[in-house]
Amino acid sequence: LEVMHFSIVDEHGNINTSVLEKELVESLSHDIRYKQTDNMKKRACKVATDYNEFKNMVACAHLKTLTRKEVESLSIAKKGWQKNKHGIFADCIRSKTVERRTSQTKSCGIESVHG
């Protein structure tokens, strides 16, 4: 967590709720990530066959699991896409997003997705 440089209480004794809210959100995010990683470590200890598989499982602990429907929808071409303000077709952007997701899953040790 980042060190807070702002005081929660100002010089008049009022509580600065925006600083308090930011600190709470950061703490909750940290706790969620910690629990996801911890749970994945416990699971990976039981199922991983080697250290690399364990490491990859833990590295992907924060990623959301895709449903079969979500994976199948990636291969369906949409009709009627227009150029965006930069002159790039939306399907080019979509394919780059798919490539990025694919590279993220490969970096986490996931070679293919099966429903």
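Predicted model: local features only at pLDDT ≥ 70, side-chain atom pairs only at ≥ 80, totals over all residues.
Colleague: Is L63 buried, partly exposed or exposed?
Modeller: L63 counts as partly exposed, because its relative accessibility is 35%, and buried would mean under 20% while exposed would mean over 50%.
Colleague: How far apart are the C-alpha atoms of L63 and Q36?
Modeller: They are separated by 9.4 Å, with the two residues 27 apart along the chain.
Colleague: And H62, where is that found?
Modeller: H62 is also in the loop between α2 and α3, and α3 covers 68-73. H62 counts as partly exposed because its relative accessibility is 35%.
Colleague: Which residues does H62 touch, leaving out those up to four places away in sequence?
Modeller: H62 touches R33 and Q36. As for I32, its C-alpha atom is 8.8 Å from that of H62, and the two residues are 30 apart along the chain.
Colleague: Changing topic, how many helices and strands does the protein have?
Modeller: There are four helices and zero strands. Going along the sequence, the pattern reads α-α-α-α.
Colleague: How do α1 and α2 cross?
Modeller: Helix α1 takes in residues 17-47 and helix α2 residues 51-59; their axes come within 9 Å and cross at roughly 155°. That angle makes α1 roughly antiparallel to α2, since over 145 degrees counts that way.
Colleague: Is that crossing left-handed or right-handed?
Modeller: The crossing of α1 and α2 is right-handed.
Colleague: Which residues make the contact?
Modeller: From α1 you have T37, M40, K41, R43, A44, C45 and V47, and from α2 there are E53, F54, M57 and V58. Sorted by type, the residues of this contact are seven nonpolar, one polar and three charged.
Colleague: Zooming out, what share of the residues counts as buried?
Modeller: Of the protein's 115 residues, 7% count as buried.
Colleague: What about contacts between residues at least 24 apart?
Modeller: Taking contacts between residues at least 6 apart in sequence, 31% join residues at least 24 apart.
Colleague: Last topic: what is the mean pLDDT?
Modeller: For the protein the mean pLDDT is 77, and 62% of the residues reach 70 or more.
Colleague: Where is confidence lowest, and where is it highest?
Modeller: Confidence is lowest in helix α4, residues 90-107, with a mean of 54. The highest is in α2, at 96.
Colleague: Great, thanks for the tour!

Methods: Residues numbered from 1 in each chain as written. Heavy atoms only, no water. Axes fitted to C-alpha atoms, helices over the stretch in contact; angles between N-to-C directions. Helix = DSSP H or I, 4+ residues; strand = E, 2+ residues; numbered from the N terminus. Parallel < 35°, antiparallel > 145°, perpendicular 65-115°, else oblique. Left-handed = near helix turned anticlockwise from the far one by under 90°. Contact = heavy atoms within 4.5 Å. Nonpolar A, V, L, I, M, F, W, Y, C, P; charged D, E, K, R; others polar. pLDDT = per-residue confidence, 0-100. Buried < 20%, exposed > 50% of the residue type's maximum accessible area, 1.4 Å probe, protein only.
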